[in-house]
Number of protein chains: 2
Amino acid sequence: MTVGEAQDFSRFFSAEAKARKSSPLKTCIHLFQDPNITFLGGGLPLSKYFPWDNLKVESPLPPFKNGIGHPPSGDAEDTCLVHVRRDETTKAGDTIDVPLSRALQYGHSQGQPEVLSFVREHTGLVHDMKYSDWDVMATTGNTGAWESTLRIFCEKGDTILTEQHTFSSSIYAAEAQGINVFPVPLDDNGIIPERLEYILDNWNPEAKKPKLLYTIPTGQNPTGSSLSDDRKAEIYRIAQKHDFLILEDEPYYFLQMDKYEQDVSKRKTTTFDSHADFIASLTKSFISLDTEGRVIRADSFSKVLGPGTRLGWIVASKQIVSTYVRLHEMTIQNPSGFSQSIVGGTLNRWGQDGYLDWLIGLRVEYNEKRDVAIDALHKYLPETPIFHVNPPIAGMFFTISIDTSKHPEFASKYLSKPELVEQAIYEKMIESGVLIVPGAWFKADGDTQPPQPAENKKELDPTRIFFRGTFAAVPLDKLQEGIKKVGVALKQEFQL
Amino acid sequence: MTVGEAQDFSRFFSAEAKARKSSPLKTCIHLFQDPNITFLGGGLPLSKYFPWDNLKVESPLPPFKNGIGHPPSGDAEDTCLVHVRRDETTKAGDTIDVPLSRALQYGHSQGQPEVLSFVREHTGLVHDMKYSDWDVMATTGNTGAWESTLRIFCEKGDTILTEQHTFSSSIYAAEAQGINVFPVPLDDNGIIPERLEYILDNWNPEAKKPKLLYTIPTGQNPTGSSLSDDRKAEIYRIAQKHDFLILEDEPYYFLQMDKYEQDVSKRKTTTFDSHADFIASLTKSFISLDTEGRVIRADSFSKVLGPGTRLGWIVASKQIVSTYVRLHEMTIQNPSGFSQSIVGGTLNRWGQDGYLDWLIGLRVEYNEKRDVAIDALHKYLPETPIFHVNPPIAGMFFTISIDTSKHPEFASKYLSKPELVEQAIYEKMIESGVLIVPGAWFKADGDTQPPQPAENKKELDPTRIFFRGTFAAVPLDKLQEGIKKVGVALKQEFQL
């Protein structure tokens with residue numbers, strides 16, 4: 001298939017992004033490497049004054065035969081040693097590293113070439129891009145990428161669209177900037193396209209239309225829901241029809257699992273004959289549907305390698321990527337050089353195949369964790385339609401939705417207010433020695449009034465609340481123990 | 001001396017900073033470590049799935065007998081080995097490390113305790129703080145800290161004060177946000193307090209007064225000037241009188257040197273009998289004068305250890321620090337865990353004394369580099385009052401100021417416009433194989449009209465321009481070679 005170029009979306013840039021000048025120093029920093037120029041231009045310390053001479057880290061070796069949670073022994077047969085030297089070297093096999101003299105120097109706001117080339121190749125393998133002039137840039141993770149996105153596209157007084165419940169920091173970051181966060185209803189399968197379209201078709205013609213949809217399509221936080229490929233195609237069509245951008249925040253993308261099977265005898269974890277089969281099993285990303293450069297994808301190593309790497313990346317059209325680069329020159333400059341040397345050195349040694357092996361190994365672990373969690377919920381939650389569990393097919397989270405109107409003291413003690421029951425349950429849980437998180441913490445409740453017909457404000461099910469739990473953060477025995485406590489607490493609370 | 005508490009400066013917070021909610025998830029993340037709670041609360045991956053098992057870096061060992069540029073041999077006598085393990089350990093001598101299981105996990109937005117405690121102790125040693133409730137927090141360096149400062153204190157339409165020439169990225173970051181950058185005249189010794197006071201005494205009563213002075217007091221970028229202790233005290237008094245905050249951006253603070261001595265026979269580099277003597281030799285910081293919590297100090301490891309660490313810190317009142325923390329929770333989250341493990345592990349092994357030894361070693365190197373640069377300027381610059389060099393006592397930069405009106409074609413070719421001569425010289429330099437940077441790149445030229453009497457707009461010397469060079473970025477032979485090229489080019493350009 002011949003693919004075309006991305007469209008010009010500069011009409012969406014904020015006044016700030018349009019006004020931002022590039023540092024003139026960046027226009028000459030390439031001369032630092034020019035052998036014909038004596039570079040007295042920039043305040044770059046000599047790399048001989050960087051104290052660190054070399055760096056070594058050990059990780060397991062693909063294909064991770066003993067599972068990804070098995071630490072390397074230090075022996076060559078199961079250990080991948082990354083040894084990063086101070087200086088560039090042309091010795092074969094060393095060119096995959098970001099040497100410390102470069103990693104610890106200024107420059108490369110977009111990210112170090114060795115990291116970018118790995119991520120670019122990975123993106124090409126996984127996402128089947130539909131336009132030609134896309135690129136990637138390194139970020140400090142998706143939290144920072146989202147903040148940058150708001151600064152680049154939004155003004156005070158703008159409205160953005162998000163899932164009705166979404167990552168609270170993402171909401172608060174927008175709200176602090178004076179941006180209205182307009183909630184889009186979602187169900188067990190994510191955003192409901194018909195509702196989204198209805199909202200936009202009936203948008204108040206006097207109000208500014210939203211520029212941007214923020215979505216966590218896979219293993220959504222907090223609901224655990226995942227958007228189907230069909231819904232994504234519908235949402236992309238609506239984005240074209242109503243002309244807005246889509247930011248897909250995808251930290252959990254590679255925590256996709258098999259569908260949950262309650263009958264243990266029928267349960268099996270999919271194995272893959274090839275990496276191509278694994279890739280084919282993955283949900284289609286928004287960016288892989290995108291023919292115009294309307295989608296920005298925020299990816300991260302936080303959930304698949306470690307949050308503290310503070311390393312992620314954006315995939316978008318070159319025009320949009322360069323706008324992020326200009327912003328980053330004045331904020332983070334670039335992610336930590338140590339992180340780039342270590343993550344880049346590891347991934348380039350593992351190779352694309354090795355990284356896919358890691359992700360497949362991670363899938364096995366999360367599949368098991370999800371199964372243990374949902375099994376325990378079935379075992380320990382009181383059997384009643386008051387409680388509903390939606391077994392997730394991706395991510396770290398399960399939710400327990402609760403019909404508060406069935407609480408014996410709903411009217412008497414809680415004045416028929418679901419949020420008061422929610423708070424009481426939260427406190428009861430902590431008292432019982434388990435922490436799960438109220439759905440209210442994640443509610444996008446921006447102003448829907450001016451543009452919105454009253455009908456769309458209706459909650460799907462107004463007396464239902466939910467709690468978010470995670471099966472990621474603790475080992476399996478703790479997980480079962482925790483969910484048992486949840487069950488006991490809910491039984492007591494509802495006098496069952 | 002009994003010291004009091006910082007004042008409440010929340011009146012200076014931006015609407016955004018005031019509106020910013022703290023993530024509710026942060027209110028329960030401490031329960032992650034609580035043995036009585038089964039934590040199903042947050043999306044934290046298990047640390048056993050972090051691929052890196054351990055990390056080793058080597059640096060030289062204090063007191064750096066062979067100089068700081070001498071790489072460690074790997075032997076115990078001259079090598080400091082930082083070996084960071086995956087897990088916490090209580091084994092004596094290991095408690096100074098940030099273990100990978102914590103460094104690579106979520107949490108600790110303010111910075112890892114081991115890093116903060118080192119930086120806190122260092123700050124106490126160097127700055128003689130005058131109020132009790134100050135604190136530190138980790139940043140990704142001063143570029144990011146400045147961006148955060150603008151977001152926390154400034155609104156679109158606000159005015160801030162800066163040196164008339166200052167770091168261009170700092171200007172552009174403010175301007176992109178719609179903040180007016182009001183230039184304060186400076187001379188060879190930094191901001192001129194009398195001019196600053198005159199400006200503020202004569203501020204247009206109908207215009208908003210500036211909330212903030214941004215200054216690079218030591219080895220100022222780009223002028224190379226350093227503010228004297230007396231001037232700092234005056235500026236602090238003016239800040240109290242006119243009620244504004246001071247952001248001291250101090251990446252070059254520890255690149256202080258001896259006064260330049262042209263006569264080589266009289267030249268000697270100060271040696272210090274003790275670390276106390278070294279500390280006593282340092283210029284007083286604004287924060288050490290601050291009795292109220294009116295000063296925010298941005299410090300960084302970029303110039304003393306390496307820019308790519310992307311690790312710095314802020315010193316300010318606890319009230320102000322906590323506001324930065326709330327912002328960082330929604331932007332960077334925290335600096336890279338690898339950076340914190342490596343820098344923290346190194347510094348905690350070196351100890352406060354070892355770090356001061358490093359800084360003293362750095363002083364020796366920069367002293368020599370500065371001397372070589374200024375000697376070469378004296379040797380190669382045509383001898384004429386057209387050119388003026390101010391030997392710096394700190395930082396990385398020298399400047400050559402040039403009276404453009406003395407250019408033989410000033411009127412005929414350049415229409416009596418200094419900026420045209422400046423551009424021509426810049427191009428001539430590159431053609432001659434040397435890069436130095438036009439002062440115009442650093443000019444704060446925000447709107448001074450509304451609040452400002454015409455008199456203050458006068459340039460000190462309107463036909464003079466300057467170029468910034470650095471003696472940091474190249475070895476000594478290259479430095480001499482480069483300055484020779486500068487001399488030749490200027491001689492040709494001015495037909496001398």
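## Where chain B meets chain A

In this predicted model, the side chain of B:K21 reaches across to A:E175 and forms a salt bridge, with 3.4 Å from N to O. Between chain B and chain A the count is four salt bridges.

Chain B puts 111 residues into the contact, and chain A puts in 112 residues. Together the two chains bury about 9000 Å², and carbon and sulfur atoms give 63% of that area.

## The seven-stranded sheet

Chain B holds an open sheet of seven strands with mixed pairing, in the order β4-β12-β11-β10-β9-β5-β6. At its edges are β4 (134-139) and β6 (180-184), each of which pairs on one side only. From one strand to the next, the twist averages 20 degrees. Inside this sheet, β5 (residues 159-163) and β9 (residues 212-215) of chain B run parallel and are joined by two bridges. Look here for B:T162, which stands opposite B:Y214 in β9(B).

Two helices of chain B lie across these strands. Helix α3 (residues 113-127) covers β4, β11 (295-300) and β12 (312-317), running at about 125 degrees to β4(B). Helix α4 (residues 142-153) lies across β4, β5, β9, β10 (245-249), β11 and β12, at about 155 degrees to β11(B).

## A pair of helices

Helices α6 (residues 193-201) and α7 (residues 229-242) of chain B have axes that come within 9 Å and cross at roughly 10 degrees. Because of that angle, α6(B) counts as roughly parallel to α7(B). From α6(B), the residues in contact are B:P193, B:L196, B:E197, B:L200 and B:D201. Their partners in α7(B) are B:R231, B:E234, B:I235, B:R237, B:I238, B:K241 and B:H242. By class, this contact has five nonpolar, one polar and six charged residues.

## The four-stranded sheet

Further along chain B comes an open sheet of four strands, ordered β13-β14-β17-β16, with antiparallel pairing. Its edge strands are β13 (387-389) and β16 (437-438), each pairing on one side only. Seven bridges link β14 (residues 397-403) to β17 (residues 464-470) in the antiparallel sense.

Helix α11 (residues 337-380) of chain B touches β13 and β14, and its direction makes about 20 degrees with that of β14(B). Helix α13 (residues 476-493) of chain B touches β13, β14 and β17, and makes about 5 degrees with β14(B).

Terms used:
Residues numbered from 1 in each chain as written. Chains lettered and ligands numbered in written order. Predicted model: local features only at pLDDT ≥ 70, side-chain atom pairs only at ≥ 80, totals over all residues. Heavy atoms only, no water. Pairing = 2+ DSSP bridges. Contact = heavy atoms within 4.5 Å. Axes fitted to C-alpha atoms, helices over the stretch in contact; angles between N-to-C directions. Parallel < 35°, antiparallel > 145°, perpendicular 65-115°, else oblique. Nonpolar A, V, L, I, M, F, W, Y, C, P; charged D, E, K, R; others polar. Buried area = accessible area lost by both parts, 1.4 Å probe.
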